[in-house]
Amino acid sequence: MDRTGVVVIGAGPIGIEVAAGLKASGLSYEHLEAGDLGATMGWWAPDTRFFSSPERIRICDIPLVIPGEEKATGEQYRDYLRGVVEQLGLRVRTHERVLDIEARDGGGFVVVSRGPAGGSRIACDSVVLATGNMDAPRLIGVPGEDLPHVSHYFRGPHHYYGRKVLIVGGKNSAAEAALRLYRAGVEVSISYRGRRFDPDRVKYWIRPELEWLIEKGKIGFLPCTRPVEIEPGQVRLERTSLTQYEECPPGAEMHDGQQERGEGVRNGLADVETHADSELARSGGRRVEVPADFVLLLTGYVQDQTFFERLELDLIGEERRPMYDHDTMETSVPGVYVAGTACGGSQTRARVFIENSHVHAERIVAALTGDRLKAPEPSYGAMEES
């Protein structure tokens, strides 16, 4: 059995920052990652850009330089993470999946993992969970969700060229996918349970263009609706009565994006009758069937909390966030620390991101070296760009 002081699980940016701090402090550690560096970004659509500026997501004080001073794409950032690991000489055992974390009698843990060379057991005093919080799609639980033309991941606009796509969702991923699909010549519509896009959930430089394209009939919009059944070639939508933002009255407009729009605008959307409106009228105003060759269920993601439960961490709130000491990042189980977006549980409204998690690495390293650090929360975490 191998022996080390700390095992860091997860090699996203904050996990790498923790490992860099441990190495700089002379603490022994092993760093395990189930996939490759920054694996979550690997299923982003090609050329998806971060919403955060490069200076906010750089790690270990190493500049993130992007051509044209643009925001980084997922591909550029993963290249950057690899460069940081190389430059600092960090050891990361990629494609080494942790299978179990066992508490040892008398203190400490045994981390059980399996990688390309087989299984291993590592005894350690402390464990840092930097495992992120976007492990699996948030399922909507309707018939047809598992059909082959339905996906919770946007593969990039080229894949859908020349076809009809219905997006379900109304946050950043749905809004950005709709814009990219439209620009690539895809006939795209959005089904959203809300009446209008929440300014706090769609970035301020994306929402105006999306709403303008909806007004002009370039992108279809079906507000206050939710899927109740998905079939090959169509989706059956049902009108919602209440949303978490406001009530959607029976007369709320729906825009299918297939016909020329008038100039009148009500509540930020074109005031015209559409095929979808007519279908709702014929069905008593409750249901409509929308044609779709592909369906993108961009409804968010949930955290795999297997290790939280196995270690019996105290979890709080609907998001089941791990309870932890904000000065040290130590959880309710002594010797188990949490870092990065893993702190947020299955977030429904993002509060923890890369840019306001850098301090987690500092706190954990300070706690493990015996130097309790009281670092303030970064103020930029509350800015609109975040």
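The model is a predicted one. Of its 386 residues, 52% count as buried.

**Overall make-up**
- The secondary structure consists of eight helices and 22 strands.
- Taking contacts between residues at least 6 apart in sequence, 64% join residues at least 24 apart.

**Nonpolar cores**
- In soluble globular proteins, nonpolar side chains tend to be buried together.
- The largest nonpolar core here has 40 residues. Within this core, I16, V18, L22, Y77, Y80, V128 and I364 touch the most other members.
- Two or more residues of this core come from each of β2 (6-9), α1 (13-24), α3 (74-88), β22 (336-338) and α8 (358-368).
- Helix α1 gives the largest share, six residues.
- Beyond its neighbours within four places in sequence, L22 is in contact with V6, V8, L27, Y29, V365 and L368.
- Another core, of 25 residues, lies apart from the largest one. Its members include Y160, L181, L213 and F221.

**Residue T48**
- T48 sits in the loop that runs between β3 (29-32) and α2 (54-57).
- The relative accessible area of T48 is 12%, which is under the 20% cut-off, so T48 counts as buried.
- With neighbours within four places in sequence left aside, T48 is in contact with A72, T73, G74, E75, E176 and R180.

Notes:
Residues numbered from 1 in each chain as written. Predicted model: local features only at pLDDT ≥ 70, side-chain atom pairs only at ≥ 80, totals over all residues. Heavy atoms only, no water. Core = buried A, V, L, I, M, F, W, Y, C linked by side-chain atoms within 4.5 Å. Buried < 20%, exposed > 50% of the residue type's maximum accessible area, 1.4 Å probe, protein only. Helix = DSSP H or I, 4+ residues; strand = E, 2+ residues; numbered from the N terminus. Contact = heavy atoms within 4.5 Å.
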